[in-house]
Amino acid sequence: MTLPANLAARMKLPVIASPMFIVSQTELVLAECRAGIVGAFPSLNARGEGEFERWLIRLNEELTGEDAPFAVNLIVHRSNPRLDEDLALCVKYKVPIVITSLGAQVHVNEAIHSYGGIVLHDVIDNRFAKKAIEKGADGLIAVAAGAGGHAGTLSPFALMQEIRQWFDGPVALSGSIASGSAVLAAQAMGADLAYIGSAFIATEEAVAVAEYKQMIVDSAASDILYTDHFTGVHGNYLRPSITRAGLDPDNLGTKADMDFGAAVEPGAKAWKDIWGCGQGIGAIGAVVPAAERVAQLAREYAEAKRRLCGQG
């Protein structure tokens, strides 16, 4: 693993729990880190006055050197009005890992590097990957086809092969990963880490309504729709949630303008009523505590290793 040794040593499984809008908040992040994987949340999930700072204080106080590090996701697109404020708080509280999305920016990377933090930038193709590294990102999150939220369309094989032709730094792979064997497969393709989101929506600590969690348990890859209608950026969503909101998934009309400032508003329909999800959910059979989900991933990961070594 090419993460800094002081961070990698604290992880029990090579997994980052991806930061999900609304869903990923402090209780889930704490549970993930204590279970031995990187827990992450978008700064925009902390919506009240001073709430993001309170979350950072709590995570720094309650997580120990025995726990995996946490990460904060910053949307660096110009439509995010909170970027500078949230970046300053990441620097103040020395967030160990910052995940940047939608436009790599040199000043953001330099600010995180000023205290020794690392920056992972999420990308959907090799062109964006090269731009991110040129602008100072330490590593990449390769968002391949089938990932939840704002996903790409490239096969994980194609994306990892192209990136590894020129980059030997940290790479996390995202896209339909919901089992320990898939985590090992990501490493076999050249990734250091697996980046898992939807599997952690169906956990007790996730901030999602019971219907959302159960819909993930009940659904499969064929229930996922890829569209840019809701945020202006293509992403994967649960078709039944679109129908439930009174819309026709097959006739959504024109796409939205990209505006992440709207995510700050609690009533924003794109973040509340339409439920993001990746194609890997066929592997999710129940809503369980996050620690139990990590333990299951670890068992499956070990079993997959044994099979490949001819021991199982």
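This is a predicted model: local features need pLDDT of at least 70, side-chain atom pairs count only at pLDDT 80 or more; totals for chains, interfaces and linings use all residues.

## Helix 3 and helix 4

Helix 3 and helix 4 cross with right-handed geometry. Phe52, Glu53 and Leu56 of helix 3 make the contact with Asp86, Leu89, Cys90 and Lys92 of helix 4. Sorted by class, this contact comprises four nonpolar and three charged residues, with no polar ones.

The axes of helix 3 (residues 51–62) and helix 4 (residues 83–92) come within 10 Å, at a crossing angle of roughly 20°. Angles under 35 degrees count as roughly parallel, and helix 3 and helix 4 are therefore roughly parallel to each other.

## Salt bridges at the helix pair

The structure holds seven salt bridges. In one of them, Arg82 pairs with Asp86, with the closest N and O atoms 3.1 Å apart. Both Arg82 and Asp86 are buried.

Within helix 3, Glu62 and Arg58 lie four residues apart, about one turn of the helix. Their side chains form a salt bridge at 2.8 Å, N to O. Glu62 counts as partly exposed because its relative accessibility is 33%, and Arg58 counts as partly exposed at 27%.

## A link across the sequence

Arg164 and Asp192 also form a salt bridge, their closest N and O atoms being 2.9 Å apart. Arg164 lies in helix 7 (residues 156–164) and Asp192 in the loop between helix 8 (180–188) and strand 8 (193–196), so the pair ties together parts 28 residues apart in sequence. Arg164 is partly exposed, at 26% relative accessible area, whereas Asp192 counts as buried at 9% relative accessibility.

## Shared partners

Glu27, Arg34, Arg58 and Glu62 belong to one network, joined by salt bridges that share partners.

Terms used
Residues are numbered from 1 along each chain as its sequence is written. Side-chain values use heavy atoms; hydrogens and water are left out. Axes are lines fitted to C-alpha atoms, for helices over the stretch in contact, and angles run from 0 to 180 degrees between N-to-C directions. Helices (H or I, at least four residues) and strands (E, at least two) are DSSP runs, numbered from the N terminus. Angles under 35 degrees count as roughly parallel, over 145 as roughly antiparallel, 65 to 115 as roughly perpendicular and the rest as oblique. A crossing is left-handed if the near helix is turned anticlockwise from the far one by less than a right angle, and right-handed if clockwise. Contact means heavy atoms within 4.5 Å. Ala, Val, Leu, Ile, Met, Phe, Trp, Tyr, Cys and Pro count as nonpolar, Asp, Glu, Lys and Arg as charged, and the others, Gly among them, as polar. A salt bridge is a side-chain nitrogen of Lys or Arg within 4 Å of a carboxyl oxygen of Asp or Glu. Buried means under 20% relative accessible area, exposed over 50%, partly exposed in between (1.4 Å probe, protein chains only).
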